[in-house]
Amino acid sequence: MTAYKFLAADGAGIFTRFQWPVGQWVEAEIDPCRSGVHACRLSDLPYWLGPALYEIELDGEIVEQGLKVVAPRGRLTRRIDAWSDETREEYSQMCIARAAELVASSPLPLGSWAPPPAASGGGPALMGFIAARIAEQLGGLDAYMDERVRQADWLADRLALA
C-alpha cells in the first residue's frame, strides 16, 4: 500500500525522533499509537501536517485505525518536494481565507475565531484545525469532516498526489 508520512525537516519522526532511512525497510511490531510503521492516507493528510512529507510503501497486514494506518513494515520511497515552505504558507493562507469566509457567512457572532492573515505563523496544521472548527461550530460534526475533506482535496491536488 502506498501512503504518506510527515517527518521533521531532518527526516526524523516527529514523535519518536527515529531517523528514517529513505529506501530502506523499517520493521516494528504493530501496536497502534505505540509501535509499528504509522502513516496516513490522502484523506488523513490535514490531521498530520508536518515540515516534510514523504511517500511511504507499507507492507504486511495493514491496520486502518481512525485517521491513520499502521503496518509492520514500511519504507520511504520519495520526499514530496512540492510540500515546501511556499506550499505550507499557501495552505495556511487558504485555510485562513476559508475561516474568514465561514465567519462572514455565519448568522452567529464568530468574529473572534477568524485569524488575521499574519496568523499563519501558527503553522498549517493549526490553520486547518481553526477552519474545520469554525465549520463545526456552524454545521456540526459533519461540517467539520467536510472541511477536512476539502483540505485533503486541496493538498492532494496541489501536491499532485494520487
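**Reading a predicted chain, helix by helix**

Tutor: Start with helix H1, whose buried residues are Thr87, Arg88, Tyr91, Ser92, Met94, Cys95, Ile96, Arg98, Ala99, Leu102 and Val103. Buried means under 20% relative accessible area, exposed over 50%, and partly exposed in between, with a 1.4 Å probe and protein chains only. This is a predicted model: local features need pLDDT of at least 70, side-chain atom pairs count only at pLDDT 80 or more, and totals for chains, interfaces and linings use all residues. Residues are numbered from 1 along each chain as its sequence is written, and side-chain values use heavy atoms, with hydrogens and water left out.

Student: What covers the buried residues of H1?

Tutor: The cover includes H2 and H3. Helices (H or I, at least four residues) and strands (E, at least two) are DSSP runs, numbered from the N terminus.

Student: How many helices and strands does the chain have?

Tutor: The chain has 3 helices and 7 strands. From the N terminus, the order is β-β-β-β-β-β-β-α-α-α.

Student: How do I check the length of a helix?

Tutor: The expected span is 1.5 Å times one less than the number of residues. H1 has 21 residues and reaches 30 Å from its first C-alpha to its last, close to the 30 Å expected. H2 covers residues 124–139, and its 16 residues should span 22 Å. The end C-alpha atoms of H2 are 22 Å apart, which agrees.

Student: Which residues of H2 are buried?

Tutor: First the general idea. An α-helix has 3.6 residues a turn, so residues three or four places apart point the same way. In H2, the buried residues are Pro124, Met127, Gly128, Ile130, Ala131, Ala132, Ile134 and Ala135. They pack against helix H1 (85–105) and helix H3 (141–158). Just after H2, Gly140 takes a positive phi of about 85°.

Student: Where can I see H2 and H3 at residue level?

Tutor: Take Ala131 in helix H2 and Gln151 in helix H3. Ala131 is buried, with a relative accessible area of 0%. Gln151 also counts as buried, at 0% relative accessibility.

Student: Which residues does Ala131 touch?

Tutor: Contact means heavy atoms within 4.5 Å. Not counting residues up to four places away in sequence, Ala131 touches Cys95, Arg98, Ala99, Leu102, Glu147 and Gln151. With that same exclusion, Gln151 touches Pro46, Tyr91, Cys95, Gly128, Ala131 and Ala132.

Student: What is a nonpolar core, and which residues touch the most other members of the largest one?

Tutor: In soluble globular proteins, nonpolar side chains tend to be buried together. A nonpolar core is a set of buried Ala, Val, Leu, Ile, Met, Phe, Trp, Tyr and Cys residues joined through side-chain atoms within 4.5 Å. The largest core here has 25 residues, and Leu45, Leu53, Trp83, Tyr91 and Leu155 touch the most other members. Strand S1 (2–7), H1, H2 and H3 are the elements giving two or more residues to this core. H1 gives the most, with 7 residues.

Student: What is Leu53 in contact with?

Tutor: Leaving aside neighbours within four places in sequence, Leu53 is in contact with Tyr4, Lys5, Phe6, Leu45, Arg78, Arg79, Ile80, Trp83, Leu159 and Leu161. There is also a second, separate core of 13 residues, including Tyr54, Leu58, Val69 and Leu76.

Student: How do I read the sheet?

Tutor: Strands of a sheet pair through backbone hydrogen bonds, either parallel or antiparallel. Two strands count as paired if DSSP finds at least two bridges between them. Here an open sheet of 4 strands has the order S1-S4-S7-S2, with antiparallel pairing. S1 and strand S2 (26–27) stand at the edges, each with a single partner strand, so one side of each is left without a neighbour in the sheet.

Student: How many bridges join S4 to S7?

Tutor: 6 bridges join strand S4 (residues 52–59) to strand S7 (residues 73–79). Asp59 stands opposite Arg73 in S7, and Glu55 stands opposite Arg78. S2 is joined to S7 by 2 bridges. There, the bridge partner of Glu27 is Arg73.

Student: What share of the whole chain is buried?

Tutor: Of the 162 residues, 45% count as buried. The C-alpha atoms fill a box of roughly 50 × 30 × 25 Å, taken along the principal axes.
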